[in-house]
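Hi there,

Here is the structure I promised to pass on to you. Have a look at it first, and then read my notes below.

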Amino acid sequence: MAVPKSKVSKARRDKRRSSHWKLSTPNIIACPKCDAYRLPHRACRACGVYKDREVIAVKAAD
């Protein structure tokens with residue numbers, strides 16, 4: 001039966017686990033109509049446009 005020869009320290013254990021919890025940043029692109037930043041494959045919150053057509057009615061800023 002496999003048994004560890006010695007105890008693994010907390011620092012060594014945590015170094016091994018450090019890369020498991022990294023989060024990747026989302027890709028952010030500019031809207032082709034209003035140049036506001038948005039996530040890909042989603043409607044723009046600023047102008048309500050997705051794939052060159054308006055899908056969300058957005059209130060005009062006063």
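The side chains of Asp14 and Arg13 come together in a salt bridge, with 3.1 Å from N to O. The term stands for a side-chain nitrogen of Lys or Arg within 4 Å of a carboxyl oxygen of Asp or Glu. A search of the whole structure turns up 1 salt bridge. Asp14 counts as partly exposed, at 39% relative accessibility, and Arg13 is partly exposed too, with a relative accessible area of 29%. For these labels, buried means under 20% relative accessible area, exposed means over 50%, and partly exposed is in between (1.4 Å probe, protein chains only).

Before you go further, please keep in mind that this is a predicted model, in which local features need pLDDT of at least 70 and side-chain atom pairs count only at pLDDT 80 or more, while totals for chains, interfaces and linings use all residues. Residues are numbered from 1 along each chain as its sequence is written, and side-chain values use heavy atoms, with hydrogens and water left out.

How confident is the prediction? The protein averages a pLDDT of 88, and 97% of the residues score at least 70; pLDDT is the predictor's confidence in each residue, from 0 to 100. Among the elements, strand S2 (residues 37–38) has the highest mean pLDDT, at 94, and strand S4 (residues 53–54) has the lowest, at 88. Helices (H or I, at least four residues) and strands (E, at least two) are DSSP runs, numbered from the N terminus.

Now find Arg38, which lies in strand S2.

Asp52 itself sits in the loop between S3 and S4. With 73% relative accessibility, Asp52 counts as exposed. Asp52 also has a positive phi of about 60°, although it is not a glycine. Most residues other than glycine have a negative phi. Asp35 is another one to look at: its phi is positive, about 65°, and it is not a glycine either. You will find Asp35 in the loop between strand S1 (29–30) and S2, where it counts as exposed at 55% relative accessibility.

Next, the surface. Which residues form a nonpolar patch there? They are Ile28, Tyr37 and Leu39, with about 350 Å² of accessible area together. Patches are made of residues with over 30% relative accessible area and no salt bridge; like charges are joined within 9 Å, and nonpolar side chains (Val, Leu, Ile, Met, Phe, Trp, Tyr) within 5 Å. The areas come from the Shrake-Rupley method with a 1.4 Å probe, and for residues only the protein chains shown count as cover. Leu39 is located in the loop between S2 and strand S3 (49–50), and is partly exposed, with a relative accessible area of 35%.

Leu39 and Ile29 are 10 residues apart along the chain, and their C-alpha atoms are separated by 6.2 Å. Ile29 belongs to strand S1 and is partly exposed, with a relative accessible area of 33%. Now take Lys5 and Lys15: they are also 10 residues apart in sequence, but 19 Å apart in space, C-alpha to C-alpha. Lys5 lies in the segment before helix H1 (10–17), and is exposed, with a relative accessible area of 86%.

Enjoy exploring, and write back with any questions!

Best wishes
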